[in-house]
Amino acid sequence: QVQLVESGGGLVQPGGSLKLSCAASGIMSGVYAMGWYRQFPGKQRELVARMRWNHGGDTNYADSVKGRFTISVDNAKKMASLDMNDLKPEDTAVYYCNADRSDGLNHTQYWGQGTQVTVSS
């Protein structure tokens, strides 16, 4: 099992910045990717940013956040972060930390409890 706890959400004015953090604990062996997703009311959860370090690794961002958001992962500290700059009202959502783990046979996704980000003047 992997446990994920997010922090850092809150209220910010348009154009402002926030940093989300995700502390991971539990069985981290086999975790090959971590990312951030968000969910708008009445909508499905969508990818914001994801970093994968197996098979050569890559980092992906949603088009709507490219150039504004940056994901980082510190495997030694078991932390993932999302730096969000130039925030817009349309970034308002619940943000979830995610970890993908494989034991060689099965792939499992783990989720945090979510943290609210509100961008409003």
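This report walks through some features of the structure shown above.

## Before we start

This is a predicted model, in which local features need pLDDT of at least 70, side-chain atom pairs count only at pLDDT 80 or more, and totals for chains, interfaces and linings use all residues. Residues are numbered from 1 along each chain as its sequence is written, and side-chain values use heavy atoms, with hydrogens and water left out.

Strands (E, at least two residues) and helices (H or I, at least four) are DSSP runs, numbered from the N terminus. Buried stands for under 20% relative accessible area, exposed for over 50%, and partly exposed for anything in between (1.4 Å probe, protein chains only).

## Two strands side by side

Let's begin with strand β1, which covers residues 2-7. Val2, Leu4 and Glu6 make up its covered face, while Gln3, Val5 and Ser7 make up the uncovered one. β1 pairs with β3 in the antiparallel sense over 6 bridges; for two strands to pair, DSSP must find at least two bridges between them. In this pairing, Leu4 stands opposite Ala24 of β3.

Ala23 also belongs to β3, which spans residues 18-26. Ala23 counts as partly exposed because its relative accessibility is 34%. Setting aside residues up to four places away in sequence, Ala23 touches Gln3, Leu4, Val5, Lys78 and Met79, where contact means heavy atoms within 4.5 Å.

## One disulfide

A disulfide is a covalent bond between the sulfur atoms of two cysteines. Here the test is a pair of cysteine sulfur atoms within 2.5 Å, and the structure holds 1 such link. Which residues does the disulfide join? Cys22 and Cys97 are the partners, with an S to S distance of 2.1 Å. The pair links distant parts of the chain, as Cys22 is in strand β3 and Cys97 is in strand β9 (residues 93-102), 75 residues apart. Both Cys22 and Cys97 are buried, and their link is left-handed, with -80° about the S-S bond.

## Rings and a charge

Rings of Phe, Tyr and Trp (its six-membered ring) pair if their centres lie within 6.5 Å; planes under 30 degrees apart are called stacked, over 60 edge-to-face, and the rest tilted. The whole structure has 1 aromatic pair. Tyr37 and Trp111 form an edge-to-face pair because their planes stand at 75°, with ring centres 5.0 Å apart. Tyr37 sits in strand β4 (residues 31-39) and Trp111 in strand β10 (residues 107-111), 74 residues apart. Tyr37 is buried at 13% relative accessible area, whereas Trp111 is partly exposed at 31%.

Arg45 also meets the ring of Trp111: its charged end sits over that ring, 4.6 Å from the centre. Arg45 lies over the face of Tyr96 as well, at 3.7 Å from the ring centre. A charge sits over a ring if NZ of Lys or CZ of Arg is within 6 Å of the ring centre and within 35 degrees of the ring normal.

## Around the loops

A polar atom of the Arg68 side chain lies 2.9 Å from the backbone oxygen of Asp86.

Asp86 itself is in the loop between β8 (79-84) and β9. Asp86 has a positive phi of about 50° although it is not a glycine. His55, in the loop between β5 (46-52) and β6, also has a positive phi of about 50° without being a glycine. Asp86 is partly exposed at 37% relative accessible area, and His55 is exposed at 74%.

Notes:
Polar contact = N/O pair within 3.5 Å; in protein donor to acceptor, adjacent residues only side chain to side chain.
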